Amino acid sequence: MKTRQAKLRELRKYTNYTAGLSACVKSLDQAEGNMGKATLFLLENGFAENRNPHPKCRVPESMPSISAYIVTKALLFLSMGPEIYRRQDAFRMPDAKWDEETLEEIESCYRQLADGKGFKSEYPIESVSVEGFYAAMSTLHFQVVSHAAFLIDGGEGMIDEMLFEHLVDKRQITLFNKADFLEDPFLSSL
């Protein structure tokens, strides 16, 4: 007979660790300890079974592990959508008050991160406002530590170099965003 701890570990592994411990505990409690029912509860709440423990990402192996974490969480958001993601997120992100445009920018940012963009200044995220970029990173529990901007393309745009820190484990990463003056309301007002 499996211990409760072993069952919880198995449920987390079943979802490729996309389901947090609290979601697994809740599912196991609702299922009164029945593993079959608990896995169904997880599936119904957006935690898909993932037979491949290493989803294919275009993040180079030379990138720090925090990059893989960001890409994995971004892919999870894209597969679940904002509502289901919010329900399972410890900080209830993305913020329920954010409008559709902000959510679309978050999605655009995550698709580009999943494609390996944003980790180097030569290959930045594009067509995402600074506000949208901040919202995307806030959804993944990162806060801005510093932000610098550099003019490019003869002054037609900028590269934002932003240092982010994870709220819980304090790991840091620098990400890059290309902002065009005409597309970003903040920049076009300068």
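Visitor: Why is R4 called partly exposed?

Guide: R4 has a relative accessible area of 42%, and partly exposed is the class between buried, which means under 20%, and exposed, which means over 50%, with a 1.4 Å probe and protein chains only. The value for R4 therefore falls in that class. Please keep in mind that this is a predicted model, in which local features need pLDDT of at least 70 and side-chain atom pairs count only at pLDDT 80 or more, while totals for chains, interfaces and linings use all residues. Residues are numbered from 1 along each chain as its sequence is written, and side-chain values use heavy atoms, with hydrogens and water left out.

Visitor: What makes the pair R4 and D29 a salt bridge?

Guide: The closest N and O atoms of R4 and D29 are 2.7 Å apart, and a salt bridge requires a side-chain nitrogen of Lys or Arg within 4 Å of a carboxyl oxygen of Asp or Glu, so the pair qualifies. R4 belongs to helix α1 and D29 to helix α2, so this pair ties together parts that are 25 residues apart in sequence. Helices here are DSSP runs of H or I with at least four residues, strands are runs of E with at least two, and both are numbered from the N terminus. D29, at 43% relative accessible area, is partly exposed.

Visitor: How do you know that α1 and α2 meet, and at what angle do they cross?

Guide: The axes of α1 (residues 4–14) and α2 (residues 21–30) come within 9 Å and cross at roughly 115°; such axes are lines fitted to C-alpha atoms over the stretch in contact, with angles running from 0 to 180 degrees between N-to-C directions. R4, K7, L8, L11 and R12 of α1 meet L21, C24, V25, L28 and D29 of α2, where contact means heavy atoms within 4.5 Å.

Visitor: What makes α7 largely enclosed?

Guide: Of the 10 residues of α7, 7 are buried, so the helix is largely enclosed by the rest of the structure. The buried residues are V130, G132, F133, A135, A136, M137 and T139.

Visitor: What makes a group of residues a nonpolar core, and which residues have the most contacts inside the largest one?

Guide: A nonpolar core is a set of buried Ala, Val, Leu, Ile, Met, Phe, Trp, Tyr and Cys residues joined through side-chain atoms within 4.5 Å. The largest has 26 residues, and those with the most contacts inside it are I70, Y110, F133, F142, F164, I173 and L175. Two or more residues come from each of α4 (65–80), α6, α7 (130–139), β3 (157–166) and β4 (172–180), with α4 giving the most, 7 residues. Apart from this core lies another, of 10 residues, including A19, A23, C24 and M35.

Visitor: Why is K178 called buried, although it is a lysine?

Guide: The relative accessibility of K178 is 19%, so this residue counts as buried. K178 sits in strand β4, and its contacts beyond four places in sequence include P124, E126, D153 and M158.

Visitor: Which peptide bond is cis, and how do you know?

Guide: The bond from M93 to P94 is cis, with omega near 5°, and P94 is placed in the loop between α5 and α6. R92, in that loop, has a positive phi near 55° though it is not a glycine. Most residues other than glycine have a negative phi, and most peptide bonds are trans.
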